[in-house]
Each structure stands twice: as C-alpha cells, then as structure tokens.
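The following exercises concern a predicted model. Please examine the sequence and structure, then work through each task before reading its solution.

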Amino acid sequence: MLYDKNSPATIEAMFSSIANDYDRVNTITSFGFHKLWNRCLIKAVLKRAKPGVHLDLCCGTGAIGVPLGYKIRKKLTKLHLLDFSKPMLERALHRGLEYGLDPSQLEIHFEDAQTIPLPSNSVDSATIAYGIRNVKNPLLVLQEARRVLKKGGVFAILELTMPTNKAAAYMYKLFLKKGLPALASLVTRNPLAYRYLSSSIQEFIPLSHLELLAESEELKVVQKKRFLMGLASILVLEKG
Ligand SMILES: C[S@@+](CC[C@H](N)C(=O)[O-])C[C@H]1O[C@@H](n2cnc3c(N)ncnc32)[C@H](O)[C@@H]1O
C-alpha cells in the first residue's frame, strides 16, 4: 500500500498496522531519545497550564496524555485521548487504566485531529506529539486547538524535524533514507511504514513555518526547544 497523507485512510491503516509494535520499535529507532523529549513536552505543559481538562491529539498508545494526566490526577477532571486509529486508541485507554486513572476521567475520541469533537473554550491544555506532520492540513489542527482551548490555555507540539545545520541535515537524511528503514526491517513487520515515516519527516514544513502558521492563528509562541541539533523540536503555544 502507498502511504500518503493526502489520503488519510492510508495513514490510518498504516498506524493501525504498527500499533502492536509501536512503542517497542519507537524506542529502538529513536535510540530511546524520544522518552527524554516526551518528558520535556509534559514538563513544558505542566509549567504553564492549569490542571483540569487535557486533550492529547494523535495520542497513539497514550505515551504523552496518560503520564501527563497521571501527574495531575488529583485535579484532572477529564483526559481526552484522540486518534483516528482504533488499535492505537484501545492501547491508550488500556494504558490510562493501568496507570490507575479513574475511568470517569478518561474519554477517547475516534476522530481526525482536524475536527475536534469538543466545545469551544473547554480545554486547559492540549498536546500533539509526532502527529502534526502526518495530518493533511496542519493549519486546521492549529485552528481547532485554538478553538477548544480556554483563554490562556496551552498547546504544546513535539515533532521530529530536520536539523538546520547543513552537514547535520545531510547525515540525518542518509540515516532516514538508509539507516531507519534497514533498522525497522529488522524489528517490525511493516518496514514500508517506516519508509513513510522517513519521508514524512523530510517533507514536513520547517519549524519556522509552523511558528508563523500558529501566530497567524493568534497562538503565541511562548517556548521553543530544539534537541540534538534540531532532530526533534518542541513548540509551546498559548491562546491569548
Ligand atoms: C507517530 S504516532 C504518535 C503517537 C503518540 N502521540 C506518541 O507520542 O507516541 C502518530 C499518531 O497519530 C495518529 N494520527 C495521524 N494522523 C491523524 C489524524 N489526522 N487524526 C487523528 N490521528 C492521527 C496515528 O494514528 C498515530 O497514532
């Protein structure tokens, strides 16, 4: 199957096909670094946002939303977990219950991140990790996130990005083209999915462009962080 984000059904099928292995393969292919980046994202949200209602877009197996919700469990009124892959959502729900969150605190949404099924001004904080580059129209995600956030609410984005340094970008492209698919073919049943993931990183708009889009939607950039010369980046936005 050809995976193409202009055809969301193919992306959904791809993620559903790797849901079982996703966390294990992620740890191998990122050499464990994603755990550090995930913790930084959660910390950035907790530093700025009020606890209460959190929304994790493209939640996958719940690797961001659930630990974040757990940290604020005493003040957590609702943790919304949204993804368009059912197998991913099932794992996210299971993770939430395993963490000991109360079922009444959890709500899962089998939806596209471009159409968030929540009322306007209802969410204290939102996250999207390694998700926005897979979405057909990132601007719609920004608009929807802004709509559902309360005034002063925080939207934090974590994404794999290309280094701005030319030599580092060259080396990283080599890794994405040859290294990552080779590594993935050893540890996953769907190496084609990892070819798509490689190309999606290279084709995604630069972080500076995403910042401009966010600011055009009146989401103020309040924090920016790059890891490993820009292999991953965090953008923290606030609704004024
Ligand atoms: C690379 S995974 C990241 C999962 C999780 N955020 C994490 O940090 O491990 C991307 C997830 O986004 C979901 N996804 C991609 N495009 C989506 C869309 N347009 N709407 C909702 N979910 C989407 C996929 O199903 C997948 O679970």
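**Exercise 1.** In which sense do strand β6 and strand β7 pair, and over how many bridges?

*Solution.* Begin by locating the strands: β6 covers residues 219–227 and β7 covers residues 232–239. Their pairing is antiparallel and extends over eight bridges. Finally, inspect the connection: the two strands form a hairpin with four residues between them. In that turn, Leu-228 has a positive phi of about 45°.

**Exercise 2.** Determine how helix α7 and helix α8 are arranged relative to each other.

*Solution.* Helix α7 comprises residues 166–187, and helix α8 comprises residues 191–203. They pack at an angle of about 160°, and their axes are 8 Å apart. Angles over 145 degrees count as roughly antiparallel, so α7 is roughly antiparallel to α8. The crossing of the two helices is right-handed. Next, identify the contact residues: α7 contributes Lys-173, Leu-176, Lys-177, Leu-180, Pro-181, Ala-184 and Ser-185, while α8 contributes Pro-191, Tyr-194, Arg-195, Ser-198, Ile-201 and Gln-202. By class, this contact has seven nonpolar, three polar and three charged residues.

**Exercise 3.** Which residues are closest to the ligand, and how many surround it?

*Solution.* The ligand is surrounded by 20 residues, of which Phe-15, Cys-58, Gly-60, Ser-85 and Ala-129 are the closest. Sorting the shell by class gives 13 nonpolar, five polar and two charged residues.

Terms used. Residues numbered from 1 in each chain as written. Predicted model: local features only at pLDDT ≥ 70, side-chain atom pairs only at ≥ 80, totals over all residues. Near = placed C-beta within 6 Å. Nonpolar A, V, L, I, M, F, W, Y, C, P; charged D, E, K, R; others polar. Pairing = 2+ DSSP bridges. Axes fitted to C-alpha atoms, helices over the stretch in contact; angles between N-to-C directions. Parallel < 35°, antiparallel > 145°, perpendicular 65-115°, else oblique. Left-handed = near helix turned anticlockwise from the far one by under 90°. Contact = placed C-beta atoms within 7 Å.
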